[in-house]
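Colleague: I have not looked at this one before. Can you put it up and take me through it?

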Amino acid sequence: MPGGSPHWVLSTSNAICVGRHFYAKSTIQSSVVANVHSFLMGGSLTNQDLPETRTLLYQLLVFWSIRFDKTDVDGKFDFIVP
Amino acid sequence: MEIFDLLYLGAFVILSSAFDHRFYDGQKPPSSLSKEISYAVRRFNTLIHVFSRRFIIDLEGEVVSPWYVVNRILGEFAAASVVLANAIHALDEIESNDNVQYRVITNPCVRHIEGILQMSYPDVFPYYSRCVARGHKDFLWTGPHVNICLRSEGITTVVALTGKSEMIDLPSHRIYTEDVDLIQPNQTEDVSQSGKRPGDTLILEDEKARKRSRQS
């Protein structure tokens, strides 16, 4: 489910949920826009503020940058920028 | 990776401190966090520099610098955020519900965004201001279709033969206040060498291609 998708959790009885959030490359555009919306709308939009996940976005950008540096135009790892 | 994935992520990371509660309420954010952001932004700038050396961008038949696309996305992304923040603020003044207390105070956020742009991207700030004034709401790219071509000697020569060169600004949708493409040929080298526009090497290559054709 991309970031910013309206959703709710329904259970038949009281429950403790265990799960993970993650950023998918295929939905990164909606994820960054949802981050802005979540920050500006705050508690009226989301029940969780997860600022620590920002680190994942910073690291993802660095990772893409390094990967792009070390690949050729076809995405193969055989070209290194001097 | 799609180029727009990268550009939106880059725009968000540049502005990310404005969308983080750890930078508000008089708190001093962890130095590691600030360093992490500035390192990611530096890597993003490096990536765009490498991109601009390998590829050219074609918009509506005009070859433009990749920095045009980057700066336009940054300005529009920032403007859409501020327009949304102002709309929420206006709504809060009308409505009165329990959720209001969880919303961020608009003014500090807007000041923070504008501070980032004025400090680090002063060329983008006037365009951002114009977007805010007209109530720009789109976070995503609103420009023409982006064609990306591998930068090669052949394509550089073809572009030169058409009498065009890589433009810093798109004539049909200018984002800079000055006409930055009206630079005299002898000034072009200075601008490129100063690193002011790291992606605009095609202009120089254009000149070289013309000299080569004259010699032959």
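Modeller: The mean pLDDT of chain A is 81, and 85% of its residues reach 70 or more. Here pLDDT is the predictor's confidence in each residue, from 0 to 100. This is a predicted model, in which local features need pLDDT of at least 70 and side-chain atom pairs count only at pLDDT 80 or more, while totals for chains, interfaces and linings use all residues. Residues are numbered from 1 along each chain as its sequence is written, and chains are lettered from A and ligands numbered from 1 in the order in which they are written.

Colleague: Where does pLDDT stay under 50 in chain A?

Modeller: Over residues 77-82. The model has eight contacts beyond four places in sequence for that stretch. Two residues are in contact if their C-beta atoms, placed from the backbone, lie within 7 Å.

Colleague: How many helices and strands does chain A have?

Modeller: Two helices and zero strands. Helices (H or I, at least four residues) and strands (E, at least two) are DSSP runs, numbered from the N terminus. Of the 82 residues in chain A, 20% are buried. Buried means 20 or more other C-beta atoms within 10 Å of the residue's own, exposed means 12 or fewer, and partly exposed is in between, with C-beta atoms placed from the backbone.

Colleague: And how many residues of chain A are in contact with chain B?

Modeller: 28 residues of chain A, which meet 35 residues of chain B. On the chain A side, α1 (28-41) and α2 (54-69) are the elements that give two or more residues. The largest share, eleven residues, comes from α2(A). By class, that side of chain A has 17 nonpolar, seven polar and four charged residues. Ala, Val, Leu, Ile, Met, Phe, Trp, Tyr, Cys and Pro count as nonpolar, Asp, Glu, Lys and Arg as charged, and the others, Gly among them, as polar.

Colleague: Over to chain B. At what angle do α1 and α2 cross there?

Modeller: Roughly 145°, with the axes of α1(B) (residues 3-15) and α2(B) (residues 31-54) coming within 9 Å. Axes are lines fitted to C-alpha atoms, for helices over the stretch in contact, and angles run from 0 to 180 degrees between N-to-C directions.

Colleague: Which residues make that contact?

Modeller: B:G10, B:V13 and B:I14 from α1(B), and B:I37, B:A40, B:V41 and B:F44 from α2(B). They divide into six nonpolar, one polar and no charged.

Colleague: What is the strand order in the sheet of chain B?

Modeller: β2-β1-β3, an open sheet of three strands with antiparallel pairing. Two strands pair if DSSP finds at least two bridges between them. β2 (62-64) and β3 (146-150) of chain B are at the edges with a single partner strand each, so one side of each has no neighbour in the sheet.

Colleague: How many bridges join β1(B) to β2(B)?

Modeller: Three, with B:I57 of β1(B) partnered by B:V64 in β2(B). Five bridges join β1(B) to β3(B), where the partner of B:D58 is B:N147.
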